[in-house]
Amino acid sequence: MDTARVLVAADKFKGSLTAVQVAERVTAGLRRVVPGVRVETLPVADGGDGTVAAAVAAGFERREARVTGPLGTPVTAAYAVRSTTAVVEMAEASGLQHLPAGEFAPLTATTYGSGELLRAALDAGARTIVFGVGGSATTDGGAGMLTALGARLLDADGKPVGPGGAALAGLAEADLSGLDQRFADVDLVLASDVDNPLTGPKGAPEVYGRQKGATEDDIAVLDAALSHYASLLGPDYAELPGAGAAGGIGYGALVALGARFRPGIEVMLDVLGFAPALARATLVITGEGSLDEQTLHGKAPAGVAAAAREAGVEAVAVCGRLALPPEALGRAGIRRAYALTELESDPALCMAQAGPLLERAAEAIARDFLL
């Protein structure tokens, strides 16, 4: 198949390989079987952690800022800039990766640093900001972010409320008049793979609180505090898709910064230049660490496969673990999936040897689709 042109557009394998490494390993495996095959790589992300890295791989310039981490201590956070477009990833400032192993702060973790990171993007001249939200350590409704951008959130004594979601129960006044005026002239795109509301049975505390260390009591406290917060800032916005993303930071962006919500993978495919790359391809290889039910709800491989199907290009997937039947893959536009667990059944070994195993999976793809 001399005219084969393969586009590798996969997300990271969380815990083992970055999206860039996935692309490198797949390319190596393909070329072992078909040495001359033309391969274009476009690492992708869906707005969660890895979004800035995907932008940098696509030609954006990596910048760094010193900001406030979720526990209030300084952290170094990266963002990406190309011309007047910036890609900002809230997890870089306020993500779980900034918590010491085994330590959580579900009631007090703050998004203040995410606000500082957005301000850095504005200072860099951004007129369009893709704000990728996911992987947060926080459940503060974006209150910390808004405070960093000039909002005043005060208690009954006129003093600033403390950091984190629980403190919002004592909120008496929300003064947004001091918010950074530049947002009026910026297209702020809230890019997320979740469309949850802020509170309630499908809200941020209930659905995502436990992974941030929240107990059942903590979840009740946070849900009530965020409901109170939303009653003062704008209850209608709390029901919008994406309001509950990343501990409710989506709500803060929607209610106060004029953000518009779009599925993260759609935004990132636009930003990364996926359409022209797809037009050059005869086969697309996508994937992520675990292909499961969640994949079908806005994760990167589903977005890539849907776009490929629309363009009439065949798509296959690589993954660490496969938990979807062939018919579900077919409905998603994925012709076949190649799981590393089929090559190595021990999960720990599978993660440790993900690179070499992925090359073997790519060899199988080359034999099945390129010869």
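Modeller: A word on terms before we start: a residue is buried when its relative accessible area is under 20%, exposed when over 50%, and partly exposed in between, using a 1.4 Å probe and protein chains only. The model is predicted, so local features need pLDDT of at least 70 and side-chain atom pairs count only at pLDDT 80 or more, while totals for chains, interfaces and linings use all residues. Residues are numbered from 1 along each chain as its sequence is written, and side-chain values use heavy atoms, with hydrogens and water left out.

Colleague: Where does Asp11 lie, and what does Asp11 touch?

Modeller: Asp11 sits in the loop between β1 (5–8) and α1 (19–33). Helices (H or I, at least four residues) and strands (E, at least two) are DSSP runs numbered from the N terminus. Leaving out residues up to four places away in sequence, Asp11 touches Ala19, Val22, Val44, Ala45, Asp46, Gly287, Glu288 and Ala300; contact means heavy atoms within 4.5 Å.

Colleague: And Asp292, buried or exposed?

Modeller: Buried: its relative accessible area is 18%, which is under the 20% limit. Asp292 belongs to the loop between β11 (283–291) and α11 (300–310). Beyond neighbours within four places in sequence, Asp292 is in contact with Arg321, Ala323 and Leu324.

Colleague: What makes the pair of Asp292 and Ser290 a polar contact?

Modeller: Their side chains come to 2.9 Å. The definition asks for N or O atoms within 3.5 Å, where, within protein, one must be able to donate a hydrogen and the other to accept it; residues adjacent in sequence count only if both atoms are side-chain atoms.

Colleague: Which residues of α11 are buried, and what covers them?

Modeller: Ala300, Pro301, Ala302, Gly303, Val304, Ala305 and Ala308 are the buried ones. Their cover includes α9 (264–272), α10 (274–279), β11 and β12 (314–322). Just after α11, Gly312 has a positive phi of about 75°.

Colleague: Now the whole protein, please. How do you know that it is as compact as a globular protein of its length?

Modeller: There are 14 helices and 13 strands. The radius of gyration is 21 Å, close to the 21 Å from the globule rule for 371 residues, so the protein is as compact as a globular protein of that length. The radius is taken over C-alpha atoms, and the rule is 2.2 Å times the number of residues to the power 0.38. Buried residues make up 56% of the 371.
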